[in-house]
2 protein chains.
Amino acid sequence: MSQLRGAAIFGQSGGPTSVINASASGVIQEALKQECITAVYGAAHGIKGVLDEMFYDMSKEDTYELDLLKTTPSSALGSVRYKLKNAEDDETDYKRLVEVFKKYDIRYFFYNGGNDSMDTCNKVSKYMQKVGYECRVMGVPKTIDNDLFGTDHCPGYASAAKYVATSTMEVYHDARVYDTGMITILEVMGRNAGWLTAATALAAYKGNGPDLIYLPELPFDMDKFLEDVQRIYKQNGKVIVAVSEGAKTADGKYIAELGADLGKDAFGHAQLGGTASVLANIVKQKTGAKVRGIEFSLLQRCAAHVGSLTDVNEAFWAGQMAVRYAVEGKTDYMVAFEREEGAEYKCKIKLLNLTDVANTEKKIPREWINAEGNGLTEDFIKYALPLIQGESKPELEDGLPRFARLKKVLATK
Amino acid sequence: MSQLRGAAIFGQSGGPTSVINASASGVIQEALKQECITAVYGAAHGIKGVLDEMFYDMSKEDTYELDLLKTTPSSALGSVRYKLKNAEDDETDYKRLVEVFKKYDIRYFFYNGGNDSMDTCNKVSKYMQKVGYECRVMGVPKTIDNDLFGTDHCPGYASAAKYVATSTMEVYHDARVYDTGMITILEVMGRNAGWLTAATALAAYKGNGPDLIYLPELPFDMDKFLEDVQRIYKQNGKVIVAVSEGAKTADGKYIAELGADLGKDAFGHAQLGGTASVLANIVKQKTGAKVRGIEFSLLQRCAAHVGSLTDVNEAFWAGQMAVRYAVEGKTDYMVAFEREEGAEYKCKIKLLNLTDVANTEKKIPREWINAEGNGLTEDFIKYALPLIQGESKPELEDGLPRFARLKKVLATK
């Protein structure tokens, strides 16, 4: 394959994770090493930064800070939720991209994100091919939702899962200290796929987890749910429930939306709030028990202080390999993981066509959910447990995280 | 001082912390070593377990598990919120206590908790003195609220503070990834004292913290608050606010209660929820910005995975010293910390009269809060930073915490 000389640009897109910067570290440090890559730019706020010609010269950064990116949560370069129109409908953005690419001689485009970001990456790739602008395009996966097609798992998932499982185990202990009844409802992120909510099953596997787990993969049956909760409450006096923010009733309504219909208070007022808070109110009215709703909220996707080292290393590796493959001549792919056979956990990297990945969601297989639809099977534990192994946490300064501080020197031309 | 032979009983009381079990470990292991202590009992659910004759024989536990208590959050023996009546009004409980103490020859009573628990401890102490039943009574402090009188700080506070500061730093990064406006409101525990909310100032000190901090020590002025938020929002597009769950308006209303008055939605419905959620709704209406309320909820008081080693060691030490002092003949005291002079942080243990400690609250001095009432001064940082030093976390098994598992063999007689 012919060697392609030119600049590289890297962007982060979609909801951040605690390891997306580890992939950034991998891409940037590897790109800086490659002789054929003449400049390495970090786009401010993903594709928007490219369109706006707002990007940073990564060669100006200290290696020490680039290393610290491995344990710095969120998107250091800034993220974006921006959907490129179809080129057939509107070429404006694409023409602008070609203009910017030409101006800076950009020949390598690395894009780090989830489903929507892979759609962006795919569209850029196909357009550059169409107009004959030579550019190697590689997607680097990330999402705490773990719902990208074709890859064993996604960087970002395991660290969020480790946080969720650890915190669930801690709350389990806290929520049973009194000799009075108590029902606790944990709300976990994941709009369409239940991978992260399922991570609470790891806590249950360790004997310190929820009694009931509800995923968005199956319709949420309020009557069955209340029956389940009341049965366990009667038996044990303590119930812990984990529920996905994306759980929906059979007629397609999110639980949070049910607040307005079901959860009227004594004055007929609608109850507002998230899934946990709506369910907590309904359960309180039904049982009279003390009920507490807990939302892991943003905490679950930025908890770098209890990251999975496996995840951090793989995220870095995915970024690094995206660059190496591109330099070798590969383009139009997303880097993905394939788990190898055998008792010991091992993954290798494979490449997936961007077209196949863009906008396709991977959900939890039905057979990994128990028959009753309120828990996970051993298969899920076998899948998830290896991913959360190893401890990653930031360097500390005065007992608190020392996160990367980038200079962010704007590139000009 | 004469040596007193007899059994010891230990109870945990009030809201749990991530280090109250470290104190349990200190009391129990030290008591098991003392020759004059003939049996060591752990009361199930504090004083209620004593009244109900429900306590465990701690000599039946493995030392390994007792050691694991140091990093096991929540109250392993079970906690309680039970207020003893004044003996002058009703002696029933006290007579029962004397009965149980005599039956088991209990001569040492150790009680671990916050303000209310020290009240219980004090009442037990005074009653036993009054009826001439010889028993050494010692309180061991704990509370994430850090509001116990006369002690430099309370075990449990520093670990919660470390969690809150660390998580705030992480959320700080997450809450500014997009190039659109965002206001984030963090709700921290502490009904009457703002020590834990103030811990977010440690994150600010590291450059990754809230712009505004509101404590219950000062009346919450909604107009000033909205002015503050809007000013910073206009300047930076991003605002992070930390607010205590106990913040109250000048006329004594909790913010959460304001939901019903101020926070009506478009249909005139009252908004329910906690402090962060009520404030988030009000700010959203006022600014039109994207606003997110985050409650640290139970997570902040049970996060043993990011504990302060200083805190864990001191909690253990406080328990240990309570036993040693009691064996030496001291009674009717609470163990407390006194910070020594000098650049390096060092604490010694002192004893406080239970009468002085019971029901007295310690708040943040006015001069540690800035003039505007929306932040902390350097004095607070100097006070709090040494407390969160050192890393404590549980042993891991498969990448997840291995918490203590007690046998809990019921004592009988």
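Let me start with strand S11 of chain B. Five of its seven residues are buried, so S11(B) is largely enclosed by the rest of the structure. Buried means 20 or more other C-beta atoms within 10 Å of a residue's own, exposed means 12 or fewer, and partly exposed is in between, with C-beta atoms placed from the backbone. Strands here are DSSP E runs of at least two residues, helices are H or I runs of at least four, and both are numbered from the N terminus.

A word on the source. This is a predicted model: local features need pLDDT of at least 70, side-chain atom pairs count only at pLDDT 80 or more, and totals for chains, interfaces and linings use all residues. Residues are numbered from 1 along each chain as its sequence is written, while chains are lettered from A and ligands numbered from 1 in the order in which they are written.

Now, where does S11(B) sit? It belongs to an open, mixed sheet of seven strands in chain B, ordered S3-S2-S1-S4-S5-S11-S12. Two strands pair if DSSP finds at least two bridges between them. Neighbouring strands are turned by 30 degrees against each other on average, direction ignored. Axes are lines fitted to C-alpha atoms, for helices over the stretch in contact, and angles run from 0 to 180 degrees between N-to-C directions.

Take the two neighbours of S11(B). On S5(B), residues 136-141, the strands run parallel, joined by two bridges. Met138(B) has Tyr333(B) as bridge partner, and Gly139(B) stands opposite Met334(B). With S12(B), the pairing is antiparallel, over seven bridges. One pair there is Ala336(B) with Lys350(B).

Helix H5 (residues 115-130) of chain B packs on the sheet. It touches S4 (106-113), S5 and S11 of chain B, and its direction makes about 160 degrees with that of S4(B). Contact means C-beta atoms, placed from the backbone, within 7 Å.

Next, the core. A nonpolar core is a set of buried Ala, Val, Leu, Ile, Met, Phe, Trp, Tyr and Cys residues joined through C-beta atoms within 7 Å. The largest one has 282 residues, and Phe110(B) is among those with the most contacts inside it. Leaving out residues up to four places away in sequence, Phe110(B) touches Ala8(B), Phe10(B), Val27(B), Met138(B), Val140(B), Ala322(B) and Val323(B).

Gly26(B) lies in helix H1 (residues 20-33) of chain B. It is buried, with 30 other C-beta atoms within 10 Å. With the sequence neighbours up to four places away left out, Gly26(B) touches Phe316(B), Trp317(B), Ala318(B), Gly319(B) and Gln320(B).

Finally, the two chains. The contact takes 51 residues from chain B and 50 residues from chain A. H6(B) gives the largest share of chain B's side, nine residues. Chain B can be laid on chain A with an RMSD of 0.0 Å, by a turn of 180 degrees and a shift of 0.0 Å along the axis. That superposition is by least squares on C-alpha atoms of residues with pLDDT of at least 70 in both copies. The copies are thus related as by a two-fold rotation axis. The same surface serves both: 98% of the contact residues of chain B recur in chain A.

Technical notes: Contact = placed C-beta atoms within 7 Å.
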